[in-house]
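Trainee: I would like a close look at one residue and the sheet around it. Please take it slowly and define the terms along the way.

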Amino acid sequence: MQRRGRAWGVIGVIVGVLIALVVSGALVAPAQADTAVSISGSGCAGGTTFCFVPAQSTVANGATVTWTNQSTAPHTVTRCTPAACNGTDAGSGTDASFTSGNVAASNGATFSHAFNGAGAYNYYCQIHGYAVMHGTVTVQSAVSASTTTTTATASAPTTVASSAANPPPPAAAVSGNVSFTG
Ligand SMILES: [Cu+2]
């Protein structure tokens, strides 16, 4: 009886570890890291005073992009119009909620937007102008996004699958222990 109790204790530890693996894997898998863009006041390509770094970002549909002001000046993250952006239009992105007047006001301030709609989003800074500050967020279509997600999280399902595949060995261990005890 005591040996059986110890076996169950070992099984409990194994199950606990497996649960921990599944939980941690489950937490890692759905977590879609935000895409970060810096609003920089130094080292800008082309020698402009301020810039978005990186200027080009590609994200999955539904992903959040966060701009962080790392300069001492206020800025905006504003969708383009041809008039404001030297002929560059808003882009093909279908999320109309990404619009104008989004401000990262001071050093350390952030502005975030979750993009729900595929396509390109051309943006600029209203305060310093398109010529000085502009960038593009490209949101992948649902199809290519899921393809990318499949590729990106290929290890995650594998982890989950292997975690799910792992329980059978303990089950085998259970019967093995039981038959051993008996
Ligand atoms: Cu600016």
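Mentor: T76 is buried, because 20 other C-beta atoms lie within 10 Å of its own. The cut-offs are these: buried takes 20 or more other C-beta atoms within 10 Å, exposed 12 or fewer, and partly exposed lies in between, with C-beta atoms placed from the backbone. This is a predicted model, in which local features need pLDDT of at least 70 and side-chain atom pairs count only at pLDDT 80 or more, while totals for chains, interfaces and linings use all residues. Residues are numbered from 1 along each chain as its sequence is written.

Neighbours within four places in sequence set aside, T76 is in contact with G101, N102, V103, C125, Q126 and I127; contact means that the C-beta atoms of two residues, placed from the backbone, lie within 7 Å. Y123 is 47 residues from T76 in sequence, yet their C-alpha atoms are 9.2 Å apart in space.

T76 belongs to strand β5. Strands (E, at least two residues) and helices (H or I, at least four) are DSSP runs, numbered from the N terminus. β5 covers residues 75-79 and pairs with β6 in the antiparallel sense over three bridges; pairing requires that DSSP finds at least two bridges between two strands. Within this pair, V77 stands opposite N102 of β6, and N102 is also one of the contacts of T76.

Strands of a sheet pair through backbone hydrogen bonds, either parallel or antiparallel. The sheet that holds β5 is open and has five strands in the order β3-β9-β8-β5-β6, with mixed pairing. Its edge strands are β3 (56-59) and β6 (102-104), each of which pairs on one side only. From one strand to the next, the twist averages 25 degrees; axes are lines fitted to C-alpha atoms, for helices over the stretch in contact, and angles run from 0 to 180 degrees between N-to-C directions.

There is also an open sheet of four strands, ordered β2-β1-β4-β7, again with mixed pairing. Here the edge strands are β2 (51-53) and β7, each pairing on one side only. Strand β1 (residues 35-40) pairs with β4 in the parallel sense over six bridges, with A36 opposite T66 of β4. On its other pairing, β1 is joined to β2 by three bridges and the two run antiparallel. β4 (residues 64-70) has a covered face of V65, W67 and N69 and an uncovered one of T64, T66, T68 and Q70.
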